[in-house]
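Colleague: Could you take a close look at the ring pairs, and then follow the side-chain links outward from there? Please keep it plain and give each cut-off as you go.

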Amino acid sequence: MKLLFSSALFAGVLIAATGVLAQAAAPAKVADTSKGKALVDAKGMTLYTFDRDAAGKSNCNGQCAQNWPPLMAAAGASASGDWSVVTRDDGSKQWAYKGKPLYLWVKDTKPGEVTGDGVNNVWHVAQP
C-alpha cells in the first residue's frame with residue numbers, strides 16, 4: 001500500500017510539473033485570422049511585431065507601449081524553443097518569438113481582430 005501511494009503521488013507531481021512546463025513553453029497560441037495564421041494571447045487577441053525592435057530588445061516604450069502593450073512575462077519565465085524573454089528598459093520582462101518581442105494593439109477589441117497590421121508600415125501580425 002505504501003508503494004502504491006508513493007507511485008500515485010509521484011505521478012501526480014509529474015503531471016503537475018508537465019502542465020507547468022507546457023504552460024511556460026507556450027505563452028501564446030496559433031489562431032486563424034483574416035491575415036492568415038497568427039500568434040494570439042490566451043484571450044485570443046492578435047500579437048504583433050515591431051520593425052524598429054532589435055533582436056532580443058524592445059524599442060517600444062512610453063507612449064508606444066501604451067498603444068502597443070507588451071506581452072508580459074512573469075519575472076521567473078524562461079526561454080524554451082522559439083520562445084525567449086527580453087528585459088524591457090523598465091526592467092520588466094516581455095515574451096519574444098524567434099527573437100522578436102511581442103505586443104498587443106489597443107485598438108483590437110475582439111479576439112481575432114488584426115487592425116494593427118501595417119500601422120505606420122512598421123507593425124505586423126506575428127506569424128508562427
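Modeller: Start with Trp83. Trp83 counts as buried because its relative accessibility is 9%. Buried means under 20% relative accessible area, exposed means over 50%, and partly exposed lies in between (1.4 Å probe, protein chains only). Tyr97, at 13% relative accessibility, is buried as well.

A word on the source: this is a predicted model, where local features need pLDDT of at least 70, side-chain atom pairs count only at pLDDT 80 or more, and totals for chains, interfaces and linings use all residues. Residues are numbered from 1 along each chain as its sequence is written, and side-chain values use heavy atoms, with hydrogens and water left out.

Now the rings. Rings of Phe, Tyr and Trp (its six-membered ring) pair if their centres lie within 6.5 Å; planes under 30 degrees apart are stacked, over 60 edge-to-face, and the rest tilted. By this rule there are 7 aromatic pairs. Trp83 and Tyr97 form one of them, a tilted pair with 4.8 Å between centres and 55 degrees between planes. This pair links distant parts of the chain. Trp83 sits in strand β5 (residues 83–87), Tyr97 sits in strand β6 (residues 93–97), and they are 14 residues apart. Helices (H or I, at least four residues) and strands (E, at least two) are DSSP runs, numbered from the N terminus.

How are the planes of Tyr103 and Trp123 set? They stand at 90 degrees, with ring centres 5.1 Å apart, so the pair is edge-to-face. This pair, too, links distant parts of the chain, 20 residues apart. Tyr103 is in the loop between β7 (100–101) and β8 (123–125), and Trp123 is in strand β8. Both Tyr103 and Trp123 are buried. They also belong to a cluster: ring pairs link Tyr48, Phe50, Trp68, Tyr103, Trp105 and Trp123.

Next, charges. The structure holds 3 salt bridges. Each is a side-chain nitrogen of Lys or Arg within 4 Å of a carboxyl oxygen of Asp or Glu.

Take Lys37 and Asp32. Their closest N and O atoms are 2.7 Å apart. Lys37 counts as partly exposed because its relative accessibility is 47%. Asp32, at 60%, counts as exposed.

Then comes Asp117, which bridges to Lys35 with the closest N and O atoms 3.5 Å apart. These two link distant parts of the chain, 82 residues apart. Asp117 is in the loop between β7 and β8, while Lys35 is in the loop between β1 (29–33) and β2 (36–40). Asp117 is partly exposed at 27% relative accessibility, and Lys35 is partly exposed at 45%.

Asp89 meets Lys57 in a salt bridge of 2.6 Å, N to O. Again, distant parts of the chain are linked, 32 residues apart. Asp89 lies in the loop between β5 and β6; Lys57 lies in the loop between β3 (48–50) and α2 (63–67). Asp89 is exposed at 54% relative accessibility. Lys57 is partly exposed, with a relative accessible area of 29%.

Asp41 is another matter. Asp41 sits in the loop between β2 and β3. It is buried yet has no salt bridge. Which side chain of opposite charge is nearest to Asp41? That is Lys43, 6.0 Å away. Here Lys and Arg count as positive and Asp and Glu as negative; His and the chain ends are not counted. Asp41 touches Lys29, Leu47, Leu71 and Leu104, leaving out residues up to four places away in sequence. Contact means heavy atoms within 4.5 Å.

Now Met72. Met72 is in strand β4 (residues 72–73) and counts as partly exposed at 42% relative accessibility. The C-alpha atoms of Met72 and Trp95 are 6.1 Å apart, though the two are 23 residues apart along the chain. Beyond four places in sequence, Met72 touches Arg88, Ser92, Lys93, Gln94 and Trp95.

Last, the sulfurs. There is 1 disulfide in the whole structure, a disulfide being a pair of cysteine sulfur atoms within 2.5 Å. It joins Cys60 to Cys64, with 2.0 Å from S to S. The torsion about the S-S bond of Cys60 and Cys64 is about -110 degrees, so this disulfide is left-handed. Cys60 is buried, with a relative accessible area of 0%; Cys64, at 23%, is partly exposed.
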